[in-house]
Amino acid sequence: MNVTLRKATAADAPAAWEIRNAAVRQACAGFYDAELLRRWTAGEMPDSFGAFVERLFYVAEVNQEVVGTGAVNLDNGQVDGIFVRPDLMGQGIGKRMIAFLVARARAAGLTELRLESTLNAAPFYRRCGFVGDVLGTYQSPRGFSMPCYPMTLTLTGQAPEPR
């Protein structure tokens, strides 16, 4: 599969929103209750999401179609929005996105990346070199909280090979 990674634009926001919601509904089912998943994915895309995507996101494309997303804030090292279309999960798109974001962070001089992993995604992030196994709480801007794993990746030395 030929995957292309590029900087997102505001025009990518609707696809990013749909991929986010589909990925959450499928991959997080069984790890979080149905009501939390409903609240997390309910409603229309917020107007502010386009600017957020344009500022921080990158997209993965296959045949010029957005199939995955990822964001890194190069001011503070926060990684967010790592989502892959459910029918393409497990095919290396997420790993490629993480490696791409790590390269951007290294080029910007960052020494550490941070993220708040959903319960289901923690093994994936650990395979990508992130560490963190103490349960924390994610405070959603949508007005709810949920368990998560705060994780970090140290960027000094050699880049870890995703497993």
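## Cysteines

A disulfide is a pair of cysteine sulfur atoms within 2.5 Å. This is a predicted model, in which local features need pLDDT of at least 70 and side-chain atom pairs count only at pLDDT 80 or more, while totals for chains, interfaces and linings use all residues. Residues are numbered from 1 along each chain as its sequence is written, and side-chain values use heavy atoms, with hydrogens and water left out.

Searching the whole structure gives zero disulfides. For Cys28, the closest cysteine sulfur belongs to Cys148 and is 12 Å away, too far for a bond. Cys28 is buried (under 20% relative accessible area, with exposed over 50% and partly exposed in between; 1.4 Å probe, protein chains only), at a relative accessible area of 3%. Cys148 is also buried, at 1%.

## Sheet

Helices (H or I, at least four residues) and strands (E, at least two) are DSSP runs, numbered from the N terminus. Two strands pair if DSSP finds at least two bridges between them. Four strands form an open sheet in the order 1-2-3-4, with antiparallel pairing. Strand 1 (3-7) and strand 4 (79-84) are at the edges with a single partner strand each, so one side of each has no neighbour in the sheet.

Six bridges join strand 2 (residues 57-62) to strand 3 (residues 65-72) in the antiparallel sense. Val62 is opposite Glu65 in strand 3.

## Helices across the sheet

Axes are lines fitted to C-alpha atoms, for helices over the stretch in contact (heavy atoms within 4.5 Å); angles run from 0 to 180 degrees between N-to-C directions. Helix 1 (residues 13-27) lies across strand 3 and strand 4, at about 75° to strand 4. Helix 3 (residues 49-56) lies across strand 1, strand 2, strand 3 and strand 4, and runs at about 85° to strand 2.
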